[in-house]
Amino acid sequence: MFITTYKTSKLDEARNVWHSGWWTPKFIILIISLVVPFFLSPDVIHIYGELARVGAGVFLLLQLISVIEFIAWLNTYLMPEGKQWQGCGLCISTVFHVASVCGILVMYPLYGSKVSCALNIFFITWTGVLLVVMLAVSLHSKVNRGLLSSGIMASYLVFLCWSAIRSEPTSETCKPLKFGNGKSEWTTIVGFLIAIGAIVMATFSTGIDSQSFQFSKNEVKLEDEIPYGYGFFHLVFSLGAMYFAMLFISWNLNSRTIQWSIDVGWASTWVKILNEWFAATIYTWKLISPTLRQSRVMDQTEQV
């Protein structure tokens with residue numbers, strides 16, 4: 001779909017009809033694509049697995065950018081200028097920050113109650129350090145981005161940290177819940193279904209937003225132009241499919257899948273932890289980059 005819709009620009013093109021219609025041929029192609037892999041050699045599947053690991057990493061990067069842009073848009077939407085909105089914005093910011101702090105405090109007794117759980121203690125503590133750094137940068141006089149965006153981002157980082165620790169192998173003694181009982185099985189299934197819904201929504205928003213990953217745009221499109229980039233839309237979905245593949249095998253191409261162990265393993269844990277750290281880095285950079293650019297322009301003006 002990416003190859004056949006790439007560079008589509010006008011609504012009157014045949015590829016626009018192919019993108020939004022022709023469901024019978026697409027359904028036939030879908031069935032073929034589900035059946036053919038069973039007849040391919042393991043070497044071919046392994047090659048796709050290596051490719052999918054890279055594609056899944058790219059998808060995580062696109063998803064991070066999309067989430068951060070959404071947080072910026074939400075901050076602008078919920079914090080318009082005017083004193084009547086300041087109280088509401090302050091309450092929402094307080095809720096997110098309190099939830100983040102509570103999440104940090106709850107994870108310590110659940111996942112870091114023993115000295116042998118040093119790695120979990122490090123993950124939780126470093127997440128707390130990242131929250132303090134982001135809050136300090138956001139409130140700095142030269143940045144002055146307020147509390148709301150940093151609060152939402154803090155909650156997102158705490159969620160990533162919790163998800164990473166939950167993905168540790170079941171043999172670890174630092175996890176309060178063990179797999180193998182009915183309650184844990186249903187918790188795994190429900191959690192994974194929620195994750196699927198969230199990822200599908202993120203994939204739709206990212207795929208449709210093919211220019212700058214922003215949810216509000218001011219440019220005017222002509223009536224005969226397509227509303228979004230079809231090629232990029234399908235590319236993001238193909239990367240999302242690779243990400244789902246990695247979730248089901250826990251990012252490890254050489255291990256067997258264990259029952260009720262979706263997205264469990266050290267590979268999954270470190271992918272989520274690195275994703276958390278990278279998200280904090282991108283968000284902090286987006287906070288300070290306008291100030292750095294403004295400072296550079298002022299220096300150049302003074303030199304002139």
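**Overview of the chain.** Of the 304 residues in the chain of this predicted model, 37% count as buried. The chain contains 10 helices and 0 strands, and its order along the sequence reads α-α-α-α-α-α-α-α-α-α. Among the contacts between residues at least 6 apart in sequence, 72% join residues at least 24 apart.

**Close-up of helix α7, residues 148-166.** Helix α7 is mostly covered, since 17 of its 19 residues are buried.

**Close-up of the pairing of helices α6 and α7.** The axis of helix α6, which comprises residues 118-139, comes within 10 Å of the axis of α7, and the two cross at roughly 170 degrees; because angles over 145 degrees count as roughly antiparallel, α6 and α7 are roughly antiparallel to each other. On the α6 side the contact is made by Asn120, Phe123, Ile124, Thr127, Leu130, Leu131, Met134, Leu135 and Ser138, while α7 contributes Ser149, Ser150, Met153, Ala154, Leu157, Val158, Cys161 and Ile165. The residues of this contact divide into 12 nonpolar, 5 polar and no charged.

Ser167 is placed in the loop between α7 and α8, the latter covering residues 182-208. Its relative accessibility is 2%, and Ser167 therefore counts as buried, the cut-off being under 20%. The side chain of Ser167 is joined to the side chain of Lys272 by a polar contact of 2.7 Å.

Technical notes:
Residues are numbered from 1 along each chain as its sequence is written. This is a predicted model: local features need pLDDT of at least 70, side-chain atom pairs count only at pLDDT 80 or more; totals for chains, interfaces and linings use all residues. Side-chain values use heavy atoms; hydrogens and water are left out. Buried means under 20% relative accessible area, exposed over 50%, partly exposed in between (1.4 Å probe, protein chains only). Helices (H or I, at least four residues) and strands (E, at least two) are DSSP runs, numbered from the N terminus. Axes are lines fitted to C-alpha atoms, for helices over the stretch in contact, and angles run from 0 to 180 degrees between N-to-C directions. Angles under 35 degrees count as roughly parallel, over 145 as roughly antiparallel, 65 to 115 as roughly perpendicular and the rest as oblique. Contact means heavy atoms within 4.5 Å. Ala, Val, Leu, Ile, Met, Phe, Trp, Tyr, Cys and Pro count as nonpolar, Asp, Glu, Lys and Arg as charged, and the others, Gly among them, as polar. A polar contact is a pair of N or O atoms within 3.5 Å; within protein, one must be able to donate a hydrogen and the other to accept it, and residues adjacent in sequence count only if both atoms are side-chain atoms.
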